[in-house]
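Visitor: I have a structure open and would like to talk it through. Could you guide me?
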Amino acid sequence: MEEAAKRRPEIQLSGLEWGIPGWVARSGMWSSANVDYLTGWAAGLRDKKGLNVTALAVAYNERAYDKGFIKSMRKSLDAAGLAHVKTIAPDSWGHMWSIVSEMQNDTDLAAAIDILGTHQECYGAQEQLPPNGTMALGKPLWSTELHIGEIGKVAACDTAAGESFDLPVWDIRAGM
């Protein structure tokens, strides 16, 4: 991250949990220990390395989310002087839009999430489009699994092989 920021100071840095340290795991994924761990990670990068995390997933990669955890993360980030860090949720895979109805019915949850992130828009070879009312939440939609250089849409959903929607990795413009 340091090297990337040296080369491109305006780079946006983000984080997503794929696992948790053992000392956090003893308290559980959705514990205050994990809230402290993630907040400390972002604050430590800022304070010790001069790196600015701009987005942080407040769910667990490809798996579940917890409404209380998401709300606690937003409060913790704000209290640590990290109000600028955008929260991303749910980053789930399959049935990823269930959080929309929860946000529509829970204004605190909706306020705690800055970006609706889906891990993939395809589940069981079927595209899963956002339900009606999603855009009314006023949140950007991010596909957190697609990468620069991927060809076609999501492989399991797209049968039209070879359709390029992004720059190939070897194209110098892909990294600009």
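Predicted model: local features only at pLDDT ≥ 70, side-chain atom pairs only at ≥ 80, totals over all residues.

Visitor: What about contacts between residues at least 6 apart in sequence: what percentage join residues at least 24 apart?

Guide: Among those contacts, 68% join residues at least 24 apart.

Visitor: Take I70, then. Which residues is it in contact with, leaving aside neighbours within four places in sequence?

Guide: With those neighbours left aside, I70 is in contact with V58, Y65, A89, I99, L109, A112 and I113.

Visitor: I99 turns up there. Which residues of helix 5 are buried?

Guide: Helix 5 spans residues 98–105, and its buried residues are I99, V100 and M103. Viewed down the helix axis, the buried residues of helix 5 fall within an arc of 105°, so they line one face of the helix.

Visitor: What does that face pack against?

Guide: The buried residues of helix 5 pack against helix 4 (67–79), strand 3 (86–92), helix 6 (107–112) and strand 4 (115–118).

Visitor: Let us stay with strand 3. Is T87 buried or exposed?

Guide: T87, which is found in strand 3, is buried, with a relative accessible area of 0%. Not counting residues up to four places away in sequence, T87 touches L56, V58, R74, L77, A112, I113, D114 and I115.

Visitor: R74 and D114 are both charged. How far apart are their closest N and O atoms?

Guide: The closest N and O atoms of D114 and R74 are 2.9 Å apart, and the two residues form a salt bridge. D114 lies in the loop between helix 6 and strand 4, while R74 lies in helix 4, so this pair ties together parts that are 40 residues apart in sequence.

Visitor: And how accessible are the two partners?

Guide: R74 counts as buried at 8% relative accessibility. D114, at 21%, counts as partly exposed, because the cut-off for buried is under 20% relative accessible area.

Visitor: Which residue forms a salt bridge with K71?

Guide: K71 pairs with D106, with 2.8 Å between the closest N and O atoms. This pair links distant parts of the chain: K71 is in helix 4 and D106 is in the loop between helix 5 and helix 6, 35 residues apart. D106 is buried, with a relative accessible area of 16%, whereas K71 is partly exposed at 23% relative accessibility.

Visitor: How many salt bridges does the count come to?

Guide: The count comes to 9 salt bridges. One of them joins the side chains of E10 and R8, at 3.0 Å from N to O. In that pair, E10 is exposed, with a relative accessible area of 53%, and R8 is partly exposed at 31%.

Visitor: A last topic: E17. Where is it placed, and is it buried or exposed?

Guide: E17 is in strand 1, residues 13–17. At 6% relative accessibility, E17 counts as buried.

Visitor: Which side chain does E17 meet in a polar contact?

Guide: The side chains of E17 and N34 are joined by a polar contact of 2.9 Å. Setting aside its neighbours within four places in sequence, E17 is in contact with M29, N34, Y37, L38, A59, Y60 and N61.

Definitions and conventions
Residues numbered from 1 in each chain as written. Heavy atoms only, no water. Buried < 20%, exposed > 50% of the residue type's maximum accessible area, 1.4 Å probe, protein only. Helix = DSSP H or I, 4+ residues; strand = E, 2+ residues; numbered from the N terminus. Arc of directions from axis to C-beta. Contact = heavy atoms within 4.5 Å. Salt bridge = Lys/Arg side-chain N within 4 Å of Asp/Glu carboxyl O. Polar contact = N/O pair within 3.5 Å; in protein donor to acceptor, adjacent residues only side chain to side chain.
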